[in-house]
Amino acid sequence: MIGVTVLGATGSIGVSTLDVIARHPERFRAVALTANQDAERLAEQCRQHRPNYAVMVNPDAARRLADLLADMPQPPEILTGVEGLEQVAALPESQYVMAAIVGAAGLRPTLAAANAGKRVLLANKESLVVAGAMLMRAITESGAELLPIDSEHNAIFQCLPPNFSQGLAEVGVRKILLTASGGPLRDWPIERLSSVTPEQACAHPTWSMGRKISVDSATMMNKGLEVIEACWLFGTDTDHIQVVVHPQSVIHSLVQYDDGSVLAQLGNPDMRTPIAHAMAWPQRFDSGVAPLDLFSVARLDFQEPDMKRFPCLALAFQAARQGGTAPTILNAANEIAVAAFLDRRIDLPGIAEVVAGALDALPEEGVEGQGVEFLLDVDRRARECAEQLVVRRSA
Ligand code: NAD
Ligand code: MG
């Protein structure tokens with residue numbers, strides 16, 4: 001029996017993970033579930049999955065959760081705060097940790113899981129963007145396993161040979177082709193992008209996801225974060241990654257080899273496929289996802305991304321090339337800008353302006369030899385700077 005800690009259990013990835021766990025009760029048990037403040041949802045999940053621990057980051061919500069579960073015969077131990085998250089990420093009774101918190105808030109618990117030598121199922125791409133070098137080092141040094149959950153990276157992982165960590169050139173890989181749906185605004189007139197509402201930005205054509213990643217998909221910052229994520233996961237650089245817009249989201253990414261072969265992974269757009277892949281790996285089992293019907297797909301289209309329409313993608317490439325703290329600043333400024341857009345304080349094009357402004361205003365520093373406190377301090381400063389830019393822009 002494999003114990004699983006699900007960080008971010010109440011979110012879109014968390015719910016899909018619990019669905020996969022429930023399909024394989026002989027093999028997996030949810031040992032700990034965590035959420036930020038949705039006590040009602042977490043209480044329901046605790047009744048169904050009977051974990052040993054439940055973490056509510058928000059202390060008021062933790063008290064509410066305790067009240068909601070008071071009549072359970074064996075209620076979970078309730079923990080709170082980031083310390084609670086770190087504790088359940090490193091539990092001896094959990095072998096697998098699903099990292100599905102959204103944003104840089106996922107960094108500390110993801111690092112804790114990596115340091116504790118777990119199989120880390122990584123959905124929280126922001127933690128690699130913020131602290132890629134540190135997280136990859138923690139994985140190697142502790143002997144942890146890192147399995148990508150992001151559908152594109154999971155697809156690439158499936159298309160690479162098992163010894164890819166020797167170096168992509170070494171194993172005959174010429175390029176990674178990272179697919180992107182282009183999001184809901186792919187065909188909007190550019191001059192109307194400033195009138196896009198949060199509802200329109202979150203109405204993704206092919207995937208159903210949390211609000212932050214949905215806005216990131218609309219601006220294609222999501223693809224930019226994924227380029228940085230791919231650099232760390234597969235030990236490569238931006239010159240070896242090409243973004244390909246593919247509106248149907250059926251091909252989840254491809255790998256191009258020196259001999260002209262191109263391998264792709266296909267499937268219906270449902271995150272239970274990469275989740276089940278990473279949980280069963282190196283075996284395979286049922287995920288609950290319907291088999292792909294190529295006749296109903298009928299056609300697959302491809303386009304080059306339009307960097308004018310999607311300046312966030314260009315900014316992410318720029319930050320990836322700069323390295324150092326630039327990706328940390330990019331991510332923090334984007335989190336602030338997306339929240340401001342969802343609160344209707346800035347318009348959609350304002351997101352790229354805030355991110356560009358923060359990258360300009362803050363010095364890029366090297367990260368060699370730095371610890372997590374340094375990166376979290378950069379993250380804090382970038383958030384303050386971005387908040388000022390939001391205020392200036394909305395005034
Ligand atoms: P979501 O908003 O649906 O869920 C986020 C989860 O994180 C919730 O459980 C919430 O309680 C928790 N959380 C939020 N803020 C927190 C904080 N400050 N501290 C602790 N916990 C906090 O998000 P999602 O769509 O499930 O995405 C989760 C992660 O997975 C993101 O990094 C996203 O980029 C990545 N991802 C998601 C998808 C998808 O299909 N949803 C696909 C690929 C990657
Ligand atoms: Mg993705």
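UniProt, in an unreviewed entry, lists residues 4-132 as "domain: 1-deoxy-D-xylulose 5-phosphate reductoisomerase N-terminal"; its positions follow the numbering used here, feature names are shortened, and annotations may be inferred rather than shown by experiment. Over residues 4-132 the chain is 46% helix and 22% strand, with end C-alpha atoms 23 Å apart. This is a predicted model, in which local features need pLDDT of at least 70, side-chain atom pairs count only at pLDDT 80 or more, and totals for chains, interfaces and linings use all residues. Residues are numbered from 1 along each chain as its sequence is written, while chains are lettered from A and ligands numbered from 1 in the order in which they are written.

**Shell around ligand 1**
- Ligand 1 is surrounded by 26 residues (C-beta atom, placed from the backbone, within 6 Å), the closest being G8, G11, A105, M209 and G210.
- Two or more residues each come from α1 (12-23), α6 (125-142) and α9 (211-219); helices are DSSP runs of H or I with at least four residues, strands runs of E with at least two, numbered from the N terminus.
- Helix α1 gives the most, three residues.

**Listed binding site**
- The unreviewed UniProt entry lists D150, E152 and E226 under "binding site".
- These residues span 77 residues in sequence, yet no two of their C-alpha atoms are more than 8.4 Å apart, so they gather at one spot.

**D150 and E226**
- D150 lies in the loop between β7 (145-148) and α7 (151-159), and E226 in helix α10 (residues 221-234).
- D150 is buried, with 26 other C-beta atoms within 10 Å (buried means 20 or more, C-beta atoms being placed from the backbone).
- E226 is also buried, with 29 other C-beta atoms within 10 Å.

Technical notes. Buried ≥ 20, exposed ≤ 12 C-beta atoms within 10 Å, placed from the backbone.
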